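Take a moment to look at the picture before reading on.

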Amino acid sequence: MITTLRHSQPASGRATRKPPQRGASRLVQREPLSARLPRPSLSAVKRILWPLLLVVLAVGIYELGERLAPYADRPISKVSVRGDLTYVDQLTVQERMAPFVEASFFKVDLDALRHDLEQMPWIAHVEVRRVWPDQVTVRLEEHLPIARWGDEALLNNSGQAFTPSDLARYEHLPQLHGPKRAQQRVMQQYQMLSQMLRPLGFSIERLELRAREQTSGA
């Protein structure tokens, strides 16, 4: 028996292919934990921090005010009374204000002072304000008497009734009458008729508004 052997060499330039491995798995690299966690929202942080900052700021301002108040709250050293006063004595006003201005600058009760001055018969309007660092300014407006309201009071130009102590001194003023709470309406009627009669040389001495809107004058 004759056996012939052949030695075969691989062709040049050709790569040998390896058969694919069966059962092998591909490795996948996992993401780090920090990348998988949700990132905090900057807007949410701002919504939390802003209220806290405002609270801290408010508390700080309050504490600062409490510490500075004893140094800023000075005694009242000057009281100014302003206004064209004809019927009101300024000395009487000063005496009436004295108990109120004994308090310090921040503790003086301006509302109570204004209410007390408005109880004076000739005072129509009062304005009171503080002037830094230790003053109080009062502006007074007097009633301007225009007519008598019956036999018990006077009326100013707005129809507001007031009762001074020396009512008998004003008997020369025209006398107006009318229902209760009708002072302003009667004053308007009086002013309108006076403007009509003044160019003719007449003046009103007495005017009465009756309950049924009937006006009689003399």
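A residue is called buried under 20% relative accessible area, exposed over 50%, and partly exposed in between (1.4 Å probe, protein chains only). This is a predicted model, in which local features need pLDDT of at least 70 and side-chain atom pairs count only at pLDDT 80 or more, while totals for chains, interfaces and linings use all residues. Residues are numbered from 1 along each chain as its sequence is written, and side-chain values use heavy atoms, leaving out hydrogens and water.

Start with Asp-166, which is partly exposed at 23% relative accessibility. Its side chain meets that of Arg-169 in a salt bridge (3.1 Å, N to O); the term means a side-chain nitrogen of Lys or Arg within 4 Å of a carboxyl oxygen of Asp or Glu. Arg-169 is exposed, with a relative accessible area of 60%. The whole structure has four salt bridges.

Now find helix 3 (residues 90-97) and helix 4 (residues 110-118); helices here are DSSP runs (H or I, at least four residues), numbered from the N terminus. Where do they touch? Val-93, Arg-96 and Met-97 in helix 3 meet Leu-113, Asp-116 and Leu-117 in helix 4, contact being heavy atoms within 4.5 Å.

Within this contact, Arg-96 forms a salt bridge with Asp-116, with the closest N and O atoms 2.8 Å apart. This pair links distant parts of the chain, 20 residues apart. Arg-96 is partly exposed, at 30% relative accessible area.

Helix 4 also holds Arg-114 and Asp-111, three residues apart and therefore separated by about one helical turn. They form a salt bridge too, their closest N and O atoms being 2.5 Å apart.

Definitions and conventions
Axes fitted to C-alpha atoms, helices over the stretch in contact; angles between N-to-C directions. Helix = DSSP H or I, 4+ residues; strand = E, 2+ residues; numbered from the N terminus.
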